[in-house]
Every structure is written in C-alpha cells, then in structure tokens.
Amino acid sequence: MNVYEYAMKVEKEGEAYYREMAASASNPGLKRIFTMLADEEVKHYNVFKNMLKKEDIDYDKLDLVTDTQTIFTTLIEEKDNVNFDKEQIQFYKDAITREEDSHDFYAEKAEEITNEREKRIFLQIAKEEEKHKKILEEIVIFLEEPADWVASAEF
C-alpha cells in the first residue's frame, strides 16, 4: 500500500468514526458538528484520491477549512441541553488521539516527500487534522463543564 492509499484508508476510517459519533450523539448540535467533521474527512480522502490518480488539484478550490464559527455557535446554542457520561466523553477523547495520529502521519510524510506540490498538500492536511484536534478538545471541555465553557479565543 502506497502513501496515498494509506492516507485514503485513514480518512475513510476517520469518516466512519465521525459518522458513528454523529449517530450516537443525542444533542442535535453535536450531531451537526460530527457530521461536519465526517464531511471534512471525505474532502481529505478525495484530495489523496486525486493525488493517487495524478490528477491536478486546483489550489484555489482546495478549501479544507472547517467552519469553526458555526461549530462554536452551535455549542453555545446547545449549552443548556448537554448531559454526557464519562464513557461518551472518553469516546471524544479517543477521537482527539486519532486526530493527533493523523496529524503526525501527514507531517512525517511531508518531510519524506520531495515533490513540493505534494509536500504542501500533506502539510495543509496535517494542519487541518490539528484544527480538528483543537475542535474536539474544545468539545470535551464543553461537555465536561458546559456552564463554564467559553470558546477559545483562537476560534
């Protein structure tokens, strides 16, 4: 399995994971957030699929940025409807680990790639995975202390 096939596998697994999280979320806001994250994984998958096929990627259209404002607006709106147990919160913490692993994989592969175009893409997706991790960390904080939660200034 080459690097692109492996990356596609990672993204497909990530999508399935977030779809599972969305399906199990009783809170409509969290359901929307996890669906958005799953959709982001599909975008990443398609980037690697195009790279594997040696198809051109239009950098102007390569917009992989998750709509964090919508995510945190949603969390604020749902603040009073949140009640989660430790097992569910651990599920979200596991997702943080998955995002860390994905980030590390893409950053390491970027260092090995000599093609500058491909290196930029791997680095860009690594940054997206880091952003997903930060979103999930905020969600965990929100779930653990919804009454005291305030979105990070970074978002």
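Buried means under 20% relative accessible area.

**Figure 1. Helix H1 and its buried residues in the predicted model.** Tyr4, Ala7, Met8, Val10, Glu11, Gly14, Glu15, Tyr17, Tyr18, Met21 and Ala22 are the buried residues of H1. Helix H2 (28-52), helix H4 (86-112) and helix H5 (116-144) are included in what covers them. H1 has 22 residues (residues 3-24), which at 1.5 Å a residue should span 32 Å; the end C-alpha atoms are 32 Å apart, so the two values agree. Confidence in the protein is highest in H1, at a mean pLDDT of 91, and lowest in helix H3 (residues 68-77), at 70.

**Figure 2. The start of H1.** Here a side-chain oxygen of Asn2 comes to within 2.9 Å of the backbone nitrogen of Tyr4.

**Figure 3. Aromatic pairs around Phe48.** Nine aromatic pairs are found in the whole structure. Phe48 and Tyr106 have ring centres 5.2 Å apart and planes at 20 degrees; planes under 30 degrees apart count as stacked, so this pair is stacked. The pair links Phe48 in helix H2 to Tyr106 in helix H4, 58 residues apart. Both residues are buried. Between Phe48 and Phe122 the ring centres are 5.1 Å apart and the planes stand at 55 degrees, so that pair is tilted. Phe122 lies in helix H5, 74 residues from Phe48, and is also buried. Ring pairs join Phe48, Tyr106 and Phe122 with Tyr4, Tyr6 and Phe105 in a cluster.

**Figure 4. Charges over tyrosine rings.** Lys12 sits over the face of Tyr45, 4.7 Å from the ring centre. Arg98 sits over the face of Tyr17, 4.5 Å from the ring centre.

Notes: Residues are numbered from 1 along each chain as its sequence is written. This is a predicted model: local features need pLDDT of at least 70, side-chain atom pairs count only at pLDDT 80 or more; totals for chains, interfaces and linings use all residues. Side-chain values use heavy atoms; hydrogens and water are left out. Helices (H or I, at least four residues) and strands (E, at least two) are DSSP runs, numbered from the N terminus. The expected span of a helix is 1.5 Å times one less than its number of residues. Buried means under 20% relative accessible area, exposed over 50%, partly exposed in between (1.4 Å probe, protein chains only). Contact means heavy atoms within 4.5 Å. A polar contact is a pair of N or O atoms within 3.5 Å; within protein, one must be able to donate a hydrogen and the other to accept it, and residues adjacent in sequence count only if both atoms are side-chain atoms. pLDDT is the predictor's confidence in each residue, from 0 to 100. Rings of Phe, Tyr and Trp (its six-membered ring) pair if their centres lie within 6.5 Å; planes under 30 degrees apart count as stacked, over 60 as edge-to-face and the rest as tilted. A charge sits over a ring if NZ of Lys or CZ of Arg is within 6 Å of the ring centre and within 35 degrees of the ring normal.
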